[in-house]
Amino acid sequence: MIQVAILGFGVVGGGTAEVLTQNKALIEKKVGDSVNIKYILDLREFPNSPLGHLVVHDFNTILSDPEVSLVAEMMGGAHPAYDFTRACLEAGKSVVTSNKEVVATFGTELLEIAAAHGVSYMFEASVGGGIPIIRPMRVDLASNRIESVSGILNGTTNYILTKMVTEGASFETVLKDAQKKGYAEANPAADVEGLDAARKIVILAAMAFGKRLDPNAIPCEGITKITTADTDLARELGYAVKLIGHTEKSIDGRILAMVSPRLVPISNPISGVNDVFNGILVKANMVGEVMFYGPGAGKLPTASAVVADMVDIMGHDAASLRAPVWTDAAPEDMADINAYVCRSLVVLDAPAAAADKLAAIFGELNVLRHTEGRLSFISAELTESEVCEKIALAGYPLVSRIRLL
């Protein structure tokens, strides 16, 4: 019998217990052994839950029990989740998690500890909710050189941007709606300011390039400044506005990772990913572009990914699972955001007569428009430094600037 423990009995922890219970026969058939939830760690009591009798409040009860070989951590936050995870790995217990903050911040160390103790540390559910992405990058795309990863990595912001387009409502109005429906937290900063997506792109960059970047060093811009005027103009020009996490390797071998609103062409499949769904596009040198799409959050979709990792571990020994090998990136491993090249939609508070001046400064001006005292255009490909310098040189107030994907 395989004895497992669950750390955290919140939304995802409760979902994990539900998947393990409802699909018990299916899971046991796949792993060739019986599976039992022995403990659930939480500070609270759950008298109305059929699994309430399994709840313990002391982590050491789980840590000191030699029968528990596999632990699922869904506590959220860095501490004590990291501390408990490390202790379990050092005690010879494999750990699976949905905790993107711990993986993005401590993933290199925890993978090394797992390898040193002959156990596994897996985190499929940390990116994309129920979408398989970590395992395909680790296994199915192993023969490819990953060139870039771009995606909608946060369901809350995607829901807000979708509603701004379909309902013509302001960011503030849709955010309140998202909070009422439980899609956004009372303090939505991690979502709407892009911090959640930044942690996820750190994990995807590490999977793609073998280097864990510092999450705090990722250029990160959220959606709080996006207006309905932006989304309307984008749609008129044949684009959708999406919050995109993006990572790529530059020509000099450095790794770029960033999060920002982007104009995604309607021809790009990511543009059609709406509401709380996520979509991730992986570009590899042999297979080309591969897209992963599905529910990016939610109780059972995320729990499904957690239990998938558990099944993988229960059915294999750690050596056969080919764990990713990362190193922590040095400052010189990170590409300079100022050298990043892309086109931009620039909107200036400028008269129509300013077009000639702007053409002299920017060169090529695509889809030049003048509406309600605002002059908008799509620039040629420019570095971050160049576009900022040219906007400053133009001398007109910047209304908005959105990069093209």
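Analyst: Happy to. The sheet is open and has 9 strands in the order 12-11-7-9-10-19-15-17-16, with mixed pairing. Strands here are DSSP runs of E with at least two residues, helices are runs of H or I with at least four, and both are numbered from the N terminus; two strands pair if DSSP finds at least two bridges between them. Strand 12 (288-295) and strand 16 (365-371) each have a single partner strand, so these edge strands are left without a neighbour on one side. On average, neighbouring strands are turned by 25° against each other, direction ignored.

A word on the basis: this is a predicted model, where local features need pLDDT of at least 70 and side-chain atom pairs count only at pLDDT 80 or more, while totals for chains, interfaces and linings use all residues. Residues are numbered from 1 along each chain as its sequence is written, and side-chain values use heavy atoms, leaving out hydrogens and water.

R369 has S376 in strand 17 as its bridge partner.

Two helices that pack on the sheet complete the picture. Helix 11 (residues 228-237) touches strand 9 (239-249), strand 10 (255-265), strand 15 (344-348), strand 16, strand 17 and strand 19 (398-404), and its direction makes about 85° with that of strand 9. Contact means heavy atoms within 4.5 Å; axes are lines fitted to C-alpha atoms, for helices over the stretch in contact, with angles from 0 to 180 degrees between N-to-C directions. Helix 14 (residues 384-394) touches strand 15 and strand 19, and its direction makes about 160° with that of strand 19.
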